[in-house]
Amino acid sequence: MTGMEKPETGAGLTASIEPFDSFWEAPENVEKGFDSFGKFYRNNYLKHLPKNRDAKILVISCGYGYFVHLLKKVGYTGVSGIDSDPDKVRIATEKGLNCTVESAFAFLENSPGFYDVVIAEQEINHLTKEEILFFMNLCRMKLVEGGTLLVHSLNGANPITGSEALAQNFDHYNTFTEYSLRQVLEHTGFGEVSVFPLNLYVFYNNPLNYVALLADRINTLIFRINFILYGKHNRIFTKKIAAVGKKKNAAG
């Protein structure tokens with residue numbers, strides 16, 4: 001299996017027929033999510049995206065369009081989103097966002113054009129290993145040379161939330177660590193890979209978030225010490241992690 005053979009999935013994906021993350025614990029107030037998720041994306045992701053506001057960006061599994069909305073708000077002009085859940089896309093389009101109902105695999109395989117950035121936030125936790133390799137290769141093929149892939153994952157290294165995150169949703173198939181997330185990007189043709197923690201405590205107007213952030217830092221230190229005792233080298237223990245990588249050119 002090289003990663004480009006199409007998985008034997010029958011009528012749908014082995015791991016989870018789309019929509020991805022169908023059991024996602026979404027905010028009760030969808031409208032407020034545009035503000036709260038916007039702060040999360042701004043704090044964690046914007047520094048990893050191109051400075052060129054004309055960059056062509058695809059957000060896969062865009063849901064209600066929270067990330068698309070933030071990117072449009074900060075001045076990106078070439079942003080589009082796809083999601084296979086019509087109800088979520090309807091809300092996004094009502095907000096004036098360029099989002100359409102599409103199945104991720106079919107869209108990546110068959111749609112024309114290329115992107116400077118592909119953002120795949122919800123997918124890889126919901127796929128088998130075979131499907132992950134195929135999906136990542138499809139993302140790479142949709143990028144221009146040197147284009148950026150940004151992926152997000154539940155962090156299996158966190159001793160508190162790692163196993164719970166896998167078991168919490170019936171459609172979760174796996175978690176990653178900083179090491180295995182780097183592995184899969186490099187294996188599917190991405191270079192300059194950087195894995196980074198995702199900060200959940202981005203609501204700086206709420207003093208309790210400073211308390212939570214301090215507790216998180218203390219837990220990280222404790223986890224790190226214990227991992228060293230067992231000969232492990234993990235350094236990132238946030239609930240969620242992400243990675244960016246650049247599409248390698250044809251010469252390597």
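The legends below describe close-up views of one predicted model. Residue numbers start from 1 along each chain as its sequence is written, and side-chain values use heavy atoms, without hydrogens and water. In this predicted model, local features need pLDDT of at least 70 and side-chain atom pairs count only at pLDDT 80 or more, while totals for chains, interfaces and linings use all residues.

**View 1. A salt bridge joins Glu 31 and Lys 95.** A salt bridge is a side-chain nitrogen of Lys or Arg within 4 Å of a carboxyl oxygen of Asp or Glu. Side chains of opposite charge can pair when their charged atoms come close. The whole structure has four salt bridges. In the one between Glu 31 and Lys 95, the N to O distance is 2.8 Å. The two residues are 64 residues apart and link distant parts of the chain: Glu 31 is in helix H1 (residues 30-44), and Lys 95 is in the loop between helix H3 (86-94) and strand E3 (99-101). Helices (H or I, at least four residues) and strands (E, at least two) are DSSP runs, numbered from the N terminus. Glu 31 is partly exposed at 47% relative accessibility, and Lys 95 is partly exposed at 32%. Buried means under 20% relative accessible area, exposed over 50%, and partly exposed in between (1.4 Å probe, protein chains only).

**View 2. Two further salt bridges pair Asp 85 with Lys 88 and Glu 94 with Arg 90.** The side chains of Asp 85 and Lys 88 meet at 3.1 Å, N to O, and both residues are buried. In the other pair, the closest N and O atoms of Glu 94 and Arg 90 are 3.3 Å apart. Glu 94 and Arg 90 are separated by about one helical turn because they are four residues apart in helix H3. Glu 94 is exposed, with a relative accessible area of 57%, whereas Arg 90 is partly exposed at 42%.

**View 3. Ser 61 and Glu 192 have a positive phi although neither is a glycine.** Most residues other than glycine have a negative phi. For Ser 61 the angle is about 55°, and for Glu 192 it is about 50°. Ser 61 is in the loop between strand E1 (56-60) and helix H2 (66-73), and at 13% relative accessibility it is buried. Glu 192 is in strand E6 (residues 190-197), where its relative accessible area of 68% makes it exposed.

**View 4. Asn 125 and Leu 154 are 7.1 Å apart in space, C-alpha to C-alpha.** In sequence, Asn 125 and Leu 154 are 29 residues apart. Asn 125 lies in the loop between strand E4 (115-120) and helix H5 (129-141). With a relative accessibility of 3%, Asn 125 is buried.

**View 5. The second largest pocket holds about 380 Å³ of space.** Its lining has 21 residues, and those closest to the centre are Tyr 201, Asp 216, Thr 220, Phe 237 and Thr 238. A pocket is an open set of points on a 1 Å grid over the protein atoms alone, where a 1.4 Å probe fits, with protein on both sides within 12 Å along at least five of seven lines; lining residues have an atom within 4 Å of a point. The volume is the space filled by probe spheres set on the points, which are joined across faces, edges and corners. Helix H8 gives the most to this lining, with eight residues.
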